[in-house]
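Here are my notes for your read-through. Please keep the structure open beside them.

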Amino acid sequence: MTRMTLDLTGLKCPLPALKTRKALKPLKAGDQLEVHCTDPLSVIDIPNLIRETGDKVEITERNEARIVFLVEKSAAP
């Protein structure tokens, strides 16, 4: 299992979701991607993206400064 961090602070919609999708592609099942965002819309966009990909996501930090998502790559359906 690998854990990578993706710093998307300062990027606005739709870039956080697009870059998260791109970063997930090479990951293997069980790998984790920690995504750091500042765009408030990412709390909608990234969970919706993860529902589409079938992976798992949770918000591990949410405050005025940033939002941190932890995405776990699932096995391909």
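**Notes on the predicted model**

1. Residues 6-30 have their end C-alpha atoms 17 Å apart. This span is 40% helix and 12% strand. The model is predicted. In the unreviewed UniProt entry, residues 6-30 carry the annotation "domain: UPF0033".

2. The sheet is open and has four strands, in the order S1-S2-S4-S3. Its pairing is mixed. Strand S1 (3-8) and strand S3 (56-62) are at the edges; each has a single partner strand, so one side of each lacks a neighbour in the sheet. From one strand to the next, the twist averages 20°.

3. S3 pairs with strand S4 (residues 67-72) in the antiparallel sense, over six bridges. Ile59 has Phe69 in S4 as its bridge partner.

4. Next, the helices. H1 packs on the sheet and touches S1, S2 and S4. The direction of H1 makes about 160° with that of S1. Helix H2 (residues 42-53) lies across S2, S3 and S4. H2 runs at about 5° to S4.

5. Look at Asp31, in the loop between helix H1 (15-24) and strand S2 (32-37). Is Asp31 buried or exposed? Asp31 counts as buried, because its relative accessibility is 10% and the cut-off for buried is under 20%.

6. What does Asp31 touch beyond residues up to four places away in sequence? The contacts are Met1, Thr2, Val71, Glu72 and Lys73. The Asp31 side chain reaches the backbone nitrogen of Thr2 at 3.0 Å. Asp31 and Val71 are 40 residues apart along the chain, and their C-alpha atoms are separated by 8.4 Å.

How values were computed. Residues numbered from 1 in each chain as written. Predicted model: local features only at pLDDT ≥ 70, side-chain atom pairs only at ≥ 80, totals over all residues. Heavy atoms only, no water. UniProt positions renumbered as here; feature names shortened; annotations may be inferred. Helix = DSSP H or I, 4+ residues; strand = E, 2+ residues; numbered from the N terminus. Buried < 20%, exposed > 50% of the residue type's maximum accessible area, 1.4 Å probe, protein only. Contact = heavy atoms within 4.5 Å. Polar contact = N/O pair within 3.5 Å; in protein donor to acceptor, adjacent residues only side chain to side chain. Pairing = 2+ DSSP bridges. Axes fitted to C-alpha atoms, helices over the stretch in contact; angles between N-to-C directions.
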